[in-house]
Amino acid sequence: MPVSEHMVYLDNNATTPVDPAVAERMAAFLREQFGNPSSLYPIGRKAKEALTESREAVAGFLGAHRSEVTFTSSGTEADNFAILGVLEAHPDKTEIVTSAIEHPAVIETARALEKKGITVRYAPVDGTGLVDLDFLRSAVTPRTALVSVMHANNELGTIQPIEEIARIARDKGALFHTDAVQSFGKIPIDVDRLGVDLLTISAHKIYGPKGIGALYVRRGTDILPFIHGGHQERGLRAGTENTAGIVGFGEAVRVLTGRMKKDRERLEKLAERLKAGIESRVPKVRFNGHPERRIKSTLNFAFPGLEAEAILLALATKGISVSTGSACSADSEEVSHVLLAIGLRPEIARSCIRMSLGRFNTDEDVTTVLAELPEIIDKLRKISSFDPAD
Ligand code: PLP
């Protein structure tokens with residue numbers, strides 16, 4: 001059990017504990033293998049074989065071929081690569097379309113492109129976080145190089161209708177990318193069924209190491225590298241590979257293969273108990289996200305009248321780790337763009353807490369939170385003189 005007994009870690013969407021099998025495999029690899037996979041003598045070849053094994057494991061889990069998986073330094077780099085690499089390969093196209101609730105890895109890349117003269121259209125979402133498909137239909141034009149809409153949102157868990165969005169992009173001759181960092185390993189993903197051209201994943205959200213991600217690139221997709229140098233990753237991503245990280249990524253996927261469905265069922269039950277418990281014990285709590293189309297292990301609640309940061313700190317004193325929907329600032333600009341996009345007022349968005357469950361959470365964890373949280377909310381509301389009866 002990688003998390004200490006006294007700690008209740010409910011921030012698995014931020015990062016996950018490394019699975020013991022992954023840590024073991026990486027440690028053995030680091031001890032025994034130092035070869036450069038580009039070297040042609042035996043220790044280089046061995047390192048290359050280890051990369052190929054991991055690439056096959058990752059590709060297999062996506063329903064892809066190993067030649068379609070490019071390892072990157074992170075999910076963030078994979079998102080940047082998808083967007084910048086496609087634009088670079090399509091100099092005749094000057095538009096991209098994305099959504100208002102993307103991760104900063106996409107949104108900030110889009111904003112940087114706007115400064116360089118690229119037209120970016122941001123699709124709004126409804127109150128549950130679902131993207132407006134009519135907006136997308138009118139926003140994608142023959143000048144659109146890429147549509148990028150995330151699979152599952154990191155703050156709400158809302159799952160987008162990716163097959164439909166991919167069709168909208170394809171009908172207008174645009175490529176389609178999805179950031180699947182938060183869905184990979186939680187729900188089944190098949191790149192052909194989704195109809196995506198590009199898809200981003202990251203190892204540290206699936207009990208693998210940090211600092212390693214991958215971009216799936218469908219065979220035949222026009223994309224250019226944005227990191228230049230050697231010929232690693234079939235010339236798509238220069239730089240000596242993070243061999244131990246890639247081996248850890250492959251092992252994390254192998255572990256998942258045997259247990260994803262069971263884990264999901266168990267976590268859904270735990271999360272449902274946590275959700276029902278909070279809703280019945282805390283007055284005026286408000287659930288954010290889609291009731292059904294959601295990664296069920298992600299729970300986001302508003303606690304009107306309170307600052308999320310105060311709740312987070314009070315929970316931390318009880319050994320419970322959660323995350324807020326906003327940076328610690330009274331400035332409304334720093335409130336989560338996702339929560340504002342679903343229509344929350346800034347003061348409500350500032351009261352939101354995200355709890356995300358993972359493989360190592362137990363029934364006892366839920367019991368602990370249900371014992372501590374209502375009292376914390378009650379105390380904080382008394383201090384802030386919020387009256388839930390109002
Ligand atoms: N995309 C989403 C939806 C994420 O949740 C994250 C991480 O929080 C990323 C991208 C970035 O991945 P990484 O931490 O590997 O850069």
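Is arginine 234 buried, exposed or partly exposed? In this predicted model, arginine 234 comes out as partly exposed, with a relative accessibility of 43%. The residue sits in the loop between β8 and α8, and its phi is positive, at about 50°, even though arginine 234 is not a glycine.

Tyrosine 207 also has a positive phi without being a glycine, here near 70°. Its place is the loop that links β7 (198–202) to β8 (213–217). Tyrosine 207 has a relative accessible area of 9%, under the 20% cut-off, so it counts as buried.

Turning to the helices, glutamate 77 belongs to α3, which spans residues 75–89. This glutamate is buried, again with a relative accessible area of 9%. Its side chain makes a polar contact of 2.7 Å with the side chain of arginine 237. Once neighbours within four places in sequence are set aside, the contacts of glutamate 77 are Thr72, Phe226, Ile227 and Arg237.

Then there is the pairing of α8 (residues 243–281) with α12 (residues 363–383), whose axes lie 10 Å apart at an angle of about 15°. That angle is under 35 degrees, so α8 and α12 count as roughly parallel. Their crossing is right-handed. On the α8 side, the contact is made by Leu270, Arg273, Leu274, Gly277, Ile278 and Arg281; α12 brings in Asp363, Val366, Thr367, Val369, Leu370, Leu373 and Pro374. Sorted by class, the residues in this contact are 8 nonpolar, 2 polar and 3 charged.

How values were computed. Residues numbered from 1 in each chain as written. Predicted model: local features only at pLDDT ≥ 70, side-chain atom pairs only at ≥ 80, totals over all residues. Heavy atoms only, no water. Axes fitted to C-alpha atoms, helices over the stretch in contact; angles between N-to-C directions. Helix = DSSP H or I, 4+ residues; strand = E, 2+ residues; numbered from the N terminus. Parallel < 35°, antiparallel > 145°, perpendicular 65-115°, else oblique. Left-handed = near helix turned anticlockwise from the far one by under 90°. Contact = heavy atoms within 4.5 Å. Nonpolar A, V, L, I, M, F, W, Y, C, P; charged D, E, K, R; others polar. Buried < 20%, exposed > 50% of the residue type's maximum accessible area, 1.4 Å probe, protein only. Polar contact = N/O pair within 3.5 Å; in protein donor to acceptor, adjacent residues only side chain to side chain.
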